[in-house]
Amino acid sequence: MKPLLAILLLCLTSIAHGAPTKPIPGGIYRFKIPIDATNIAYRGKSVFIAKEWALVAIPITTEPGESSLTYAQGGSLQTHNFTIQPHAYTEQHITIKNEALVSPPPEAQKRIQRESARQRGLYASHRPEHNVTSGFQLPLTGITTSLFGHKRFFNGQPRNPHSGLDIAADRGTPIVAAGGGVVTLADELYFNGNTIFIDHGRGLITMYCHMSKLEVVENERVSKGQTIGLVGATGRATGPHLHWSVSLNETRVDPKIFTEALNQTVNSQAN
Ligand SMILES: [Zn+2]
């Protein structure tokens with residue numbers, strides 16, 4: 001069996017995600033904010049708010065079971081309990097020909113550390129502005145080759161779970177912004193190749209990797225659906241594809257679950 005076909009079959013077996021409101025590790029818990037409630041927090045950090053809903057990012061490393069968020073109401077601190085459901089993520093084995101991209105040589109370590117510190121700083125950004133009132137769209141139409149959460153092995157070596165969604169398309173296909181925001185990074189990174197970060201406000205950041213060409217610059221304001229770059233295979237990539245990730249309050253979540261939860265929220269009628 002060809003490796004790509006094997007990956008596709010593997011993906012099909014794991015495509016059955018829960019409904020967006022079903023909280024799983026790596027997913028979203030959607031919470032209707034009680035009237036007059038403020039300071040909604042999960043694990044001591046304030047959460048993303050859109051309309052009268054809180055979208056809570058659940059880290060993929062969270063153990064299923066009882067969890068809670070807190071909020072202030074009428075001068076006292078309230079607790080809301082919810083249950084994180086178990087979810088089985090599948091394994092994915094990938095062969096990378098360039099060994100330097102699997103086990104980087106010592107001389108690359110400084111660059112990698114510098115780049116990850118920069119990315120952590122961007123994820124921690126929290127502009128109060130809310131740029132996604134019209135929701136999200138998929139940044140690229142193509143073949144999904146790897147889902148969020150796969151337990152990954154590069155040349156047999158275990159690595160962190162897949163933190164985004166991989167969509168394959170022809171080299172040069174335009175990639176668009178999932179939603180409005182400000183470009184906070186447009187640069188070439190060691191693992192991610194030509195990469196764009198968009199800050200959508202309120203702790204919501206999207207990342208787009210492996211592009212052959214960047215079409216926007218840092219600090220540029222972009223709108224939903226605007227072309228930001230072209231599909232490529234720069235960085236650690238086995239072929240032309242987009243790695244798209246969604247970070248919410250410094251937590252990488254399933255882009256498909258987040259998109260559904262956000263769109264359901266922005267399209268909901270206020271009452
Ligand atoms: Zn990926």
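Tutor: Contact means heavy atoms within 4.5 Å. The model is a predicted one.

Student: Leaving aside neighbours within four places in sequence, which residues is Phe 153 in contact with?

Tutor: Start with the place of Phe 153: strand S10, residues 151-154. Sequence neighbours within four places are set aside. The contacts of Phe 153 are then Glu 91, Gln 92, His 93, Ile 94 and Pro 158.

Student: Is Phe 153 buried or exposed?

Tutor: The cut-off for buried is under 20% relative accessible area. Phe 153 has 18% relative accessibility, so it counts as buried.

Student: How far apart in space are Phe 153 and Tyr 29?

Tutor: In sequence, 124 residues separate Phe 153 and Tyr 29. In space, C-alpha to C-alpha, the two are apart by 29 Å.

Student: Which residues coordinate the zinc ion?

Tutor: The donor distances run from 2.0 to 2.8 Å.

Student: What is the arrangement of the four donor atoms around the zinc ion?

Tutor: Tetrahedral would need all angles between 85 and 135 degrees. The angles here are 52 to 154°, which makes the arrangement irregular.

Student: How many residues apart in sequence are the parts that His 162 and His 243 tie together?

Tutor: The donors follow the spacing H-x3-D-x76-H along the chain. His 162 lies in the loop between strands S11 (157-158) and S12 (165-168), while His 243 lies in strand S20. Both of these histidines are buried. The pair therefore ties together parts whose separation in sequence is 81 residues.

Student: What should the 18 residues of helix H2 span?

Tutor: Helix H2 covers residues 106-123.

Student: Within what arc do the buried residues of H2 fall?

Tutor: The buried residues are Ala 108, Ile 112, Glu 115, Gln 119, Leu 122 and Tyr 123. Seen down the axis of H2, they line one face of the helix, because they fall within an arc of 95°.

Student: Which residues are exposed on the other side of H2?

Tutor: The buried residues of H2 have cover that includes strands S14 (181-189), S15 (193-201), S16 (204-211), S20 (241-248) and S21 (251-253). On the other side, the exposed residues are Pro 106, Lys 110, Gln 113, Arg 114 and Arg 120.

Student: How many residues does domain 2 give to the contact with domain 1?

Tutor: Domain 1 is 3-12 + 89-266, and domain 2 is 28-84. Their C-alpha centres lie 26 Å apart. Domain 1 gives 22 residues to the contact, and domain 2 gives 15 residues.

Student: What is phi of Asn 39 near?

Tutor: Asn 39 sits in strand S2, residues 38-42. Its relative accessibility is 62%, so Asn 39 counts as exposed. Phi is positive in this residue, which is not glycine, and is near 50°.

Student: What is the positive phi of Asn 219?

Tutor: Asn 219 lies in the loop between strands S17 (213-214) and S18 (221-222). With a relative accessible area of 67%, Asn 219 is exposed. Although not a glycine, Asn 219 has a phi of about 75°.

Student: Leaving aside neighbours within four places in sequence, which residues is Pro 64 in contact with?

Tutor: Pro 64 is in the loop between strands S5 (53-57) and S6 (65-73). At 38% relative accessibility, Pro 64 counts as partly exposed. Its contacts are Ile 84, Gln 85 and Pro 86.

Conventions: Residues numbered from 1 in each chain as written. Predicted model: local features only at pLDDT ≥ 70, side-chain atom pairs only at ≥ 80, totals over all residues. Heavy atoms only, no water. Helix = DSSP H or I, 4+ residues; strand = E, 2+ residues; numbered from the N terminus. Expected span 1.5 Å × (residues − 1). Buried < 20%, exposed > 50% of the residue type's maximum accessible area, 1.4 Å probe, protein only. Arc of directions from axis to C-beta. Donors = N, O, S within 2.8 Å, 3.2 Å for Na, K, Ca; no water. Tetrahedral: all angles 85-135°; square planar, octahedral: opposite > 155°, others 65-115°. Domains from an automatic or database assignment.
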